[in-house]
Amino acid sequence: MLSKVENLSEYFLAYEKSVANTDTFWERIANQFYWRKKWDKVVESDFEEAKVEWFINGKLNITENILERHLFTIGDKPAIIWEPNDPKEANVTLTYRQLHEKVCQFANVLLKNQVKKGDRVIIYMPMIPEAAIAMLACARIGSVHSVVFAGFSSTALADRINNCEAKIVLTSDGNFRGSKSIGVKSVVDEALEKTKTIEKVIVVERTKTPVTMKAGRDLWWHDEVAKVDSINKAEEMDSEDMLFILYTSGSTGQPKGVVHTTGGYMVYTQYSFQNVFQYNTDDVYWCTADVGWITGHSYIVYGPLLTGATTIMFEGVPTYPTPGRFWEIVDKYKVNQFYTAPTAIRALQAFGLDPVTPYKLDSLKVLGTVGEPINEEAWHWYHDHIGKGKCPIVDTWWQTETGGIMISPLAGLTPTKPGYATLPLPGIRPVIVDADGKILKGNGVKGNLCISHPWPSMIRTTYGDHERCKSTYFSTYKGMYFTGDGVKRDEDGYYRILGRVDDVINVSGHRMGTAEVENAINEHPKVIESAVVGYPHDIKGQGIYAYVICDMEGRTEENLKEEIRATVNKIIGPIAKPDKVQIVSGLPKTRSGKIMRRILRKVAENDTSNLGDTSTLLNPEVVDEIIKGAQ
Ligand code: ATP
Ligand code: MG
């Protein structure tokens, strides 16, 4: 495959080329795609104005690059394999040819319902094939999709509809999640009481849950597709036309409507997918994310399908019907690349090895993680018991705003180190700055992670509020994109993400990432998960407050707390010993599985009067428990 880096020296060479001659580097990669008209200029950018453009004046449609481009070569290859929540239900395979047909057909449904180029379309759907079909159909006609995770509340949904003034909602009657069937359309109905812009709602029948259909507004997906044919000529898009809006997960505050455009996003998601996962022609790839997150956009749908890969979409949850479900699916489809989140690994690790041992897992070649720092214990468990010691782990660092993977090993090429995202992808230029914006050169440094030069899939704006984009990402350090994350570059030049800068704790002048301390705490055999925050401390400036989920068997709380402190003391040193340890039954998490540390920080600071936006919390009930048990 073109532009696939095959060994470590080729990686270094590609990296050098990308720095020495950025335009030629990206042009060669972009040339592999189908453009109705090629670009006049590769890139233009002004970070002070947060203005970035790639493949300027290029004309294309991203779905022609996913569908038409592959029809004559791999038309009969499975594009999407869908595994239902219930393993007894039949799965669905869509070949590239079938996907082409379904996307064209639904594109015609959108057109028939007056959806036009530039209109915003909300997709609020479970993990069913129609979710991917809907995304691609939007891209086909040039409308802008905004996928909202189907577990979000009606308020969160209404906020997003209002923010982007969407015209139509694509949804389902319900959602099967483990042993539960959850209403989805009913949430849309509630949300629409708080919105004014939605003209139509198209509903996929999935669970057969009774729903109310409002005449003139609500339509069934199956009725609509029956009325149209599947011949559709893709809309011609400018390289910089909007492809989608995706709201960030909201771990740090009000969600931001991150805007991605067409040409650069296409080039970068394909390039990064192929290289990070080292995808080969007949491989079966599975990413367990939800399409409601950027990972689902770039690495379930766009990156793999642009590459002509077979991508699995899984409707269910890791623990249903048993905690062996992931591994059962890996064996069933002979998955070669498996990509998941540390939170899922830790959750499955807590069940021990019994759910793992019945499965062979011998098809696996590459394992991946994304979303948060992976603690070393989970890394080793994943490496030893899932990868059987033979699969490289790609710890991929990136963000909704970056569109694609930025810092990561290339599977099998880059030597890995637990907890390290290792090296930047070609074209990505990370810099580390201190609090005053001074660039820290050389190795063995720690600071704030910025990116100094534009890359194709970067954020273009925050929808409807360009100032917010400027002030959030481009104002902290002049002339640079600021990621908000703390990072260390070790003696080998490897990058280790330390967590968000807001989460870096300064104890008596020593700066520490919360991830480092959590990592140490998690080494204690009785610890299941932990979260660490700083709080004001009279003497040290900041003290360390640890919230820990433990297996209490055979221990008292007091013993455990002392043992946890001793573990941290041994691994990092006395400076990192938590001042306070609170044993909890759960941690407040976003629906993408990330710990909402700002809530824990408020509790540690003893300021619980205003906890901010908690609409994206998965388990609001643990917040009360944590407040009651606070020290
Ligand atoms: P919000 O921006 O609304 O607070 P969020 O930052 O959680 O939400 P995402 O864009 O999904 O939303 O997450 C990106 C963040 O996730 C990164 O900035 C980083 O903090 C963390 N992250 C992602 N991948 C990794 C990784 N491999 N290692 C460490 N941290 C990671
Ligand atoms: Mg973020």
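**Domains, strands, salt bridges and a pocket**

Mentor: Over residues 516-594 the chain is 28% helix and 32% strand, with the end C-alpha atoms 16 Å apart. UniProt, in an unreviewed entry, lists these residues as "domain: AMP-binding enzyme C-terminal". Please bear in mind that this is a predicted model.

Trainee: Over residues 14-65, how far apart are the end C-alpha atoms?

Mentor: An unreviewed UniProt entry annotates residues 14-65 as "domain: Acetyl-coenzyme A synthetase N-terminal". The chain there is 38% helix and 27% strand. The end C-alpha atoms of this stretch are separated by 24 Å.

Trainee: Which residue of S22 is the bridge partner of proline 430?

Mentor: S21 runs antiparallel to strand S22 (residues 445-451), and four bridges join the two. Within this pairing, proline 430 has as its bridge partner in S22 isoleucine 451.

Trainee: Are the residues on the two faces of S21 buried or exposed?

Mentor: In a regular strand, side chains alternate between the two faces of the sheet. In S21, Pro430 and Ile432 lie on one side, and Val431 and Val433 on the other. Both faces are covered, and these four residues are all buried.

Trainee: What is the phi of glycine 493 in the turn between S24 and S25?

Mentor: The two strands form a hairpin, with five residues between them. Glycine 493 lies in the turn, and its phi is positive, at about 80 degrees.

Trainee: What is the C-alpha to C-alpha distance between threonine 483 and leucine 449?

Mentor: Threonine 483 is placed in strand S24. Its relative accessibility is 7%, under the 20% limit, and therefore it counts as buried. In sequence, threonine 483 and leucine 449 are 34 residues apart, whereas in space their C-alpha atoms are separated by 5.9 Å.

Trainee: Turning to the charged side chains, how many residues apart are arginine 346 and glutamate 372?

Mentor: The side chains of arginine 346 and glutamate 372 form a salt bridge, at 3.2 Å from N to O. The pair links distant parts of the chain, with arginine 346 in helix H13 (residues 342-349) and glutamate 372 in the loop between strand S19 (366-370) and helix H14 (376-386). Both arginine 346 and glutamate 372 are buried.

Trainee: Why does aspartate 490 count as buried, and in which class does its salt-bridge partner lysine 417 fall?

Mentor: Aspartate 490 and lysine 417 form a salt bridge whose closest N and O atoms are 2.4 Å apart. The pair links distant parts of the chain, 73 residues apart, with aspartate 490 in the loop between strand S24 (481-489) and strand S25 (495-500) and lysine 417 in the loop between strand S20 (393-396) and strand S21 (430-433). Aspartate 490 has a relative accessible area of 8%, which is under 20%, so it is buried. Lysine 417 has a relative accessible area of 24% and is therefore partly exposed.

Trainee: How many salt bridges does the count come to?

Mentor: Another of the pairs is glutamate 563 with arginine 555, whose side chains meet at 3.0 Å, N to O. Glutamate 563 is partly exposed at 26% relative accessibility, and arginine 555 is partly exposed at 27%. Elsewhere, salt bridges with shared partners join Lys185, Asp189, Arg217 and Asp218 into one network. The count comes to 41 salt bridges.

Trainee: In the lining of the second largest pocket, how many residues are charged?

Mentor: This second largest pocket holds about 350 Å³ of space. Its lining has 18 residues, those closest to the centre being Pro129, Glu130, Val204, Glu205 and Trp221. Strand S5 (92-95), helix H5 (96-112), helix H6 (129-141) and helix H9 (221-226) each supply at least two lining residues. The lining divides into 11 nonpolar residues, two polar and, as to the charged ones, five.

Note on methods:
Residues are numbered from 1 along each chain as its sequence is written. Chains are lettered from A and ligands numbered from 1 in the order in which they are written. This is a predicted model: local features need pLDDT of at least 70, side-chain atom pairs count only at pLDDT 80 or more; totals for chains, interfaces and linings use all residues. Side-chain values use heavy atoms; hydrogens and water are left out. A salt bridge is a side-chain nitrogen of Lys or Arg within 4 Å of a carboxyl oxygen of Asp or Glu. Buried means under 20% relative accessible area, exposed over 50%, partly exposed in between (1.4 Å probe, protein chains only). UniProt positions are given in the numbering used here, feature names are shortened, and annotations may be inferred rather than shown by experiment. On a 1 Å grid over the protein atoms alone, a cavity is a set of points where a 1.4 Å probe fits but cannot get out, and a pocket is an open set with protein on both sides within 12 Å along at least five of seven lines; lining residues have an atom within 4 Å of a point. Grid points are joined across faces, edges and corners, and a volume is the space filled by probe spheres set on the points. Ala, Val, Leu, Ile, Met, Phe, Trp, Tyr, Cys and Pro count as nonpolar, Asp, Glu, Lys and Arg as charged, and the others, Gly among them, as polar. Two strands pair if DSSP finds at least two bridges between them.
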